[in-house]
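I opened my notebook and went through this one piece by piece. Here is what I looked up, in the order I got to it.

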Amino acid sequence: MRVETTYNVAVLPGDGIGPELTEEVVKVWRAAERLNDGFRLNLTYFEAGAGLYLRTGEILPRAEFEAIAGSDAIYKAPAGLPDAVLPDGTEAGVTDVLLRSALDLWANVRPIKLRPGVHSPIKDIPEGGIDYVVVRENTEGLYAAWSVGAKNVTRAPAPAGLVLREEVAVDNLVVSRKASERIVRYAFDLAMQRSGCPADGTRRVTCVDKANVLKSYAFFRQIYDEVAAGYPQIQTDYAYIDAMTQWQVRHPGYFDVVVAENLFGDIISDLGAATVGSVGMGPGANIGDDIAMFEPIHGSAPKYTGQKKANPLAAILSAAMMLDWLGRRHDNAAAVRAAQKVEQAVDAVLLDGRCRTYDLGGTSPTDAVGDAVVEKLETLIS
Ligand code: IPM
Ligand code: MG
């Protein structure tokens with residue numbers, strides 16, 4: 001018998017629809033394990049986020065954080081509830097922002113892919129016509145203000161040249177050379193591994209910023225240019241954030257890899273996911289040097305809690321990204337293969353078309369979609 005490799009996975013079921021999505025994720029992982037003899041997942045659950053805050057006043061207790069940080073990988077479902085608001089007016093449940101920052105999970109990788117049988121709300125998009133990856137800087141940008149930003153600064157003096165009246169709150173946008181270089185390099189390395197954009201196969205990295213107005217973004221672009229010089233095989237490309245949103249709708253097939261500051265990456269990833277069917281189709285990975293966290297890009301949708309309405313596919317595809325990352329990191333071909341099979345199973349369910357949640361035009365409940373993925377996985381692996 002083969003010796004199995006066991007990976008310790010911290011699971012954060014989150015708030016709202018988070019726990020019901022996590023059930024489907026675990027179902028798929030267990031099937032992938034059962035059908036593979038190359039790896040096992042040892043899951044440890046942690047309560048963190050808005051629900052915990054409302055009960056205890058804590059978002060993520062220190063001891064829990066230490067345990068999560070010591071795992072091989074993290075799976076996180078959406079967190080946050082509208083009632084869980086901090087005195088400064090921001091949400092208490094943003095465990096993702098906290099973990100990204102505390103664990104230096106610097107690359108937020110969000111594939112935007114039109115999957116077989118899914119209709120884009122944009123007309124005349126051929127099958128496979130949207131396939132790009134948003135690479136979002138994950139540790140600074142405007143989110144650098146999250147823990148340190150000036151909160152409720154009243155009657156602050158206006159920065160020179162700008163007229164500000166009465167009450168003012170200021171959040172600083174931070175762009176450092178180190179964080180920009182590593183994220184831009186990640187984007188170019190990713191483009192090297194891909195086969196270009198769907199429209200014409202050109203390998204391209206698009207730099208999204210607002211360099212026409214803000215120095216921080218001009219600096220980001222300068223670093224993009226410096227890094228790009230080392231990748232003559234990849235086409236350089238620039239888009240201001242406002243123009244970017246219209247290109248994502250008008251010519252999504254043009255994009256291959258897109259690199260952006262934290263907040264802009266946040267916005268364009270939701271827009272991108274909507275163009276490939278729904279935010280319920282947007283998986284994501286938050287990758288650091290030694291540990292990574294996987295989560296769908298969408299929110300906790302509190303109004304659907306417990307209703308089994310939500311699309312579990314973004315969560316399941318994130319879970320597949322985790323298997324792929326673990327497999328590559330630990331040289332475990334079985335885990336990499338399992339990730340590919342899960343993705344194929346998702347595509348098979350979508351192509352079949354009978355089992356879909358409301359956001360994709362169906363009426364199936366969350367757990368039926370999870371079951372359908374497991375069923376396809378069984379036929380693919382056996
Ligand atoms: C995301 C989410 C988070 C973010 C929220 C929940 C804090 O929108 O992962 O994209 O802003 O990053
Ligand atoms: Mg977001």
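**Entry 1: a histidine in a loop**

I started with His298, which sits in the loop between strand S10 (292-294) and H10. Keep in mind that I'm working with a predicted model here. Is His298 buried or exposed? I got a relative accessible area of 11% for His298, so it counts as buried. Then I looked up what it touches, skipping residues up to four places away in sequence: Ile17, Leu21, Pro78, Val279, Gly280, Asn311 and Ala314.

**Entry 2: two aspartates with positive phi**

Next I went through backbone angles. Asp104 has a phi near 50°, which is positive even though the residue isn't glycine. I found Asp104 in the loop between H4 and S4. Its relative accessible area is 27%, so I wrote Asp104 down as partly exposed.

Asp331 also went on my list, with a positive phi near 55° in a residue other than glycine. The loop that holds Asp331 runs between H10 and H11. Is Asp331 buried or exposed? Its relative accessibility comes to 73%, so Asp331 is exposed.

**Entry 3: the sides of H3**

I then picked helix H3 (residues 62-69) and checked which residues are tucked away: Glu64, Phe65 and Ile68 are buried. Why do these belong on the same side of H3? They cover an arc of only 100° around the axis, so they share one side of the helix. Over on the other side of H3, I found Arg62 and Ala63 exposed. I also asked what covers the buried residues of H3. The cover includes strand S1 (5-12), strand S3 (73-76) and helix H4 (95-102).

I took a closer look at Val259. Leaving out neighbours within four places in sequence, its contacts are Val135, Ile183, Val184, Ala187, Val205, Thr206, Cys207, Val208, Phe220 and Tyr224.

The largest cavity holds about 30 Å³ of space. Its lining is made of Glu137, Glu140, Gly141, Val174, Val175, Ser180, Phe220 and Glu261. Sorted by class, that is 3 nonpolar, 2 polar and 3 charged residues.

I followed up on Val175 from that list. Val175 is in the loop between helix H5 (145-148) and helix H6 (177-193). Its relative accessible area is 16%, so Val175 is buried. Not counting residues up to four places away in sequence, Val175 touches Glu140, Ser180, Ser216, Phe219 and Phe220. I also checked a distance: Val175 and Lys113 are 62 residues apart along the chain, and their C-alpha atoms are separated by 29 Å.

**Entry 4: two pockets**

Last, the pockets. The largest one has a volume of about 1100 Å³. I found 31 residues in its lining, with Leu190, Gln193, Met321, Asp324 and Arg328 nearest its centre. Which elements supply at least two residues each to this lining? My list has strand S4 (107-113), strand S5 (131-137), H6, strand S9 (285-287), H10 and helix H11 (333-352). H10 gives the most, with 7 residues. By class, the lining of the largest pocket splits into 16 nonpolar, 5 polar and 10 charged residues.

The second largest pocket has about 920 Å³ of space. It is lined by 42 residues, and Glu91, Val94, Asp96, Val97 and Tyr143 lie nearest its centre. H4, H5 and helix H9 (262-275) are the elements that give two or more residues to this lining. I sorted the lining of the second largest pocket by class too, and got 21 nonpolar, 9 polar and 12 charged.

Notes: Residues are numbered from 1 along each chain as its sequence is written. Chains are lettered from A and ligands numbered from 1 in the order in which they are written. This is a predicted model: local features need pLDDT of at least 70, side-chain atom pairs count only at pLDDT 80 or more; totals for chains, interfaces and linings use all residues. Side-chain values use heavy atoms; hydrogens and water are left out. On a 1 Å grid over the protein atoms alone, a cavity is a set of points where a 1.4 Å probe fits but cannot get out, and a pocket is an open set with protein on both sides within 12 Å along at least five of seven lines; lining residues have an atom within 4 Å of a point. Grid points are joined across faces, edges and corners, and a volume is the space filled by probe spheres set on the points. Ala, Val, Leu, Ile, Met, Phe, Trp, Tyr, Cys and Pro count as nonpolar, Asp, Glu, Lys and Arg as charged, and the others, Gly among them, as polar. Contact means heavy atoms within 4.5 Å. Buried means under 20% relative accessible area, exposed over 50%, partly exposed in between (1.4 Å probe, protein chains only). Helices (H or I, at least four residues) and strands (E, at least two) are DSSP runs, numbered from the N terminus. The arc is that of the directions from the helix axis to the C-beta atoms.
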